[in-house]
Amino acid sequence: MSKFYLTTPLYYVNAAPHIGHSYTNIAADVLARYKRKSGFEVLFLTGTDEHGQKVERSAIEAELSPLEFANKTVGKFKDLWQKLSISNDDFIRTTELRHTKAVQKALVILYKKGDIYEAKYEGWYCTPCETFWPQTQGPEQICPDCKRKLEEISETNFFFKLSKYQDWLTDYFKAHPDFVLPGFRYNEALSFITQQKLEDLCISRPKARMGWGIEVPFSKEHVTYVWFDALINYISAVGFENDQNKFKKFWPADVHFIGKDILRQHAIYWPIMLRALDLEPPYKIAAHGWWLIGKSQEKMSKSKGNVIDPAEMAEKFGVDAYRYFLLRDVPFGLDGTFSESSIIKRYNSDLANDLGNLVYRTLTMVEKYYSGAVPKALNLAPNSIIRNKIAVLSEEVEKFLQRFEFSASLEAIWGLINLANKHVEETKPWNLAKENKAEELKDFIALLVEVIKKVAEELSCFMPETAGKIEKQFAKDKIIKGQPLFPRIDVTK
Ligand code: ME8
């Protein structure tokens with residue numbers, strides 16, 4: 001059996017999860033479910049990033065130790081994943097022994113090899129991003145990434161020779177045009193390595209300044225820089241340090257799902273770290289855009305008070321409607337604007353009107369004309385447009401999912417739903433019934449049932465609960481008619 005190993009970022013535990021985090025995990029979950037369904041042995045990994053200054057500072061504010069503080073937030077992530085039907089096979093915390101030992105093992109290998117060296121750093125530093133910005137790159141002492149004020153520091157640290165591998169990475173990119181998807185993110189990462197010389201990466205922090213991290217095995221005075229630590233999780237979870245068989249089986253990862261904010265770390269630092277360790281890069285990196293809030297399209301942040309709780313959205317609209325909205329409304333890779341009114345719009349049109357209506361009207365007809373017994377198809381006049389669409393749908397969905405085009409795969413599924421609804425309106429089955437066209441009616445209803453079963457099959461990775469409900473309603477010869485799947489939301493209420 002072929003394996004498929006996919007990952008999400010490890011989220012910082014300094015704050016509760018928000019819709020952005022849920023987006024990445026939902027996308028990854030759809031692919032994980034899809035690959036399982038296609039017969040792969042799937043390993044779907046998510047987890048939490050628990051070291052570093054951000055977490056340390058939040059812990060101090062909360063008057064807890066960093067680990068006590070992390071323990072509290074980890075629960076929120078785990079509960080959320082369960083609530084959102086995320087089917088991860090593993091959850092890794094960077095404070096676990098399997099991880100800290102793997103990080104130390106990697107550090108020792110690179111240090112012995114001479115790819116890590118000690119040097120003095122004098123320059124600018126962004127605390128929230130935990131990033132060094134050598135003077136040349138920090139105009140006006142503002143962080144180029146987050147735009148907050150930089151701090152000036154001077155200290156001895158350990159550095160990793162990114163620069164040594166710049167040419168190798170450039171060649172690697174050129175030989176693997178699908179390494180990063182979508183394509184415009186690939187171009188962005190490639191231009192980062194072709195348009196400037198890479199600076200070596202500072203991979204330690206002096207304990208005197210920041211003590212919350214994995215101790216550098218060859219220096220008691222330093223802990224590991226949180227990004228070097230966190231990236232290693234992708235190999236520590238599959239046994240880099242403690243299970244060679246598992247490691248051989250699952251590495252390289254098939255895809256790392258990330259947001260565009262952490263592209264540089266994943267597309268540049270990480271492949272170089274792996275190369276220096278004599279390991280293969282991941283096959284693919286899938287980088288999505290951001291969910292922004294409000295008319296002014298702001299990033300979510302605690303300080304702006306505009307953070308949206310995914311659990312609350314799932315409670316309000318249903319887990320599947322929430323999953324559907326995120327993946328359907330914005331093509332993967334682009335930014336989107338999140339609002340409840342856009343969820344309601346999608347819900348009422350795509351879920352209530354299209355999908356819900358098709359299922360409900362079909363159940364009603366089976367009940368009314370056949371006392372609930374699903375008729376068998378006679379295929380008197382096979383509807384070739386619908387039949388063709390049924391025949392090619394799986395292939396279409398597969399093609400889009402291979403390139404992480406979630407929205408396009410949902411559109412393809414809705415293509416079939418819409419054809420079927422249109423067919424109902426054009427055929428007017430109530431007339432067939434009135435005119436005693438029994439055989440045509442049978443054929444017509446049987447085709448609708450076939451469409452619905454196909455739709456449920458294809459939707460099962462996106463909307464597992466809904467697909468399950470539909471499959472149950474049509475599982476036997478006799479239908480089980482329940483409540484409408486997606487009752488319309490009345491916006492005036
Ligand atoms: O960066 N829209 O953790 P993090 C869409 N610990 N996705 C968003 C988002 C938004 N507005 N905001 C966050 C870290 N995300 C590191 C990662 S990996 C080894 C270490 C999602 O808690 C998106 O996936 O800041 C983004 O890349 C990630 O959360 C950042 O999470």
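## Sheets, cores and surface of a predicted model

Strand β11 is covered on both faces: V255, F257 and G259 are buried on one side, and H256 and I258 are buried on the other. The model described here is predicted. Because 5 of the 5 residues of β11 (residues 255-259) are buried, the strand is largely enclosed by the rest of the structure.

**The parallel sheet**

β11 belongs to an open sheet of 6 strands with parallel pairing, in the order β3-β2-β1-β11-β12-β7. The edge strands of this sheet are β3 (90-93) and β7 (180-181), each of which pairs on one side only. Between β11 and strand β1 (residues 3-12) there are 2 bridges, in the parallel sense; L6 has V255 of β11 as its bridge partner. Strand β12 (residues 284-288) runs parallel to β11 and is joined to it by 5 bridges, with A286 in β12 as the bridge partner of F257. β1 also pairs with strand β2 (residues 41-49), again in the parallel sense, over 8 bridges. There, Y11 has T48 in β2 as its bridge partner.

**The antiparallel sheet**

An open sheet of 4 strands has the order β5-β4-β6-β8, and its pairing is antiparallel. Its edge strands, each pairing on one side only, are β5 (131-133) and β8 (201-202). Strand β4 (residues 116-126) and β5 run antiparallel and are joined by 3 bridges. C126 has T131 in β5 as its bridge partner.

| Strand pair | Sense | Bridges |
|---|---|---|
| β1 and β11 | parallel | 2 bridges |
| β11 and β12 | parallel | 5 bridges |
| β1 and β2 | parallel | 8 bridges |
| β4 and β5 | antiparallel | 3 bridges |

**Nonpolar cores**

Which residues touch the most other members of the largest nonpolar core? They are F257 and F338, in a core of 99 residues. Helix α13 (residues 340-370) gives the most to this core, contributing 12 residues. Apart from this core lies another, of 60 residues, including L190, F228, V238 and F247. F257 is also one of the buried residues of β11. For F338, setting aside neighbours within four places in sequence, the contacts are I19, W291, L292, I293, G294, I308, M313, Y322, F325, L326 and I343.

**An exposed position**

E426 is located in helix α15 (residues 406-427). Is this residue buried or exposed? E426 has a relative accessible area of 55%, and it counts as exposed because that value is over the 50% cut-off.

**The protein as a whole**

The protein has 18 helices and 14 strands. Its C-alpha trace spans about 90 × 50 × 40 Å along the principal axes. Of the 493 residues in the protein, 55% are buried. Among contacts with a separation of 6 or more, 76% are between residues 24 or more positions apart.

How values were computed: Residues numbered from 1 in each chain as written. Predicted model: local features only at pLDDT ≥ 70, side-chain atom pairs only at ≥ 80, totals over all residues. Heavy atoms only, no water. Pairing = 2+ DSSP bridges. Core = buried A, V, L, I, M, F, W, Y, C linked by side-chain atoms within 4.5 Å. Buried < 20%, exposed > 50% of the residue type's maximum accessible area, 1.4 Å probe, protein only. Contact = heavy atoms within 4.5 Å.
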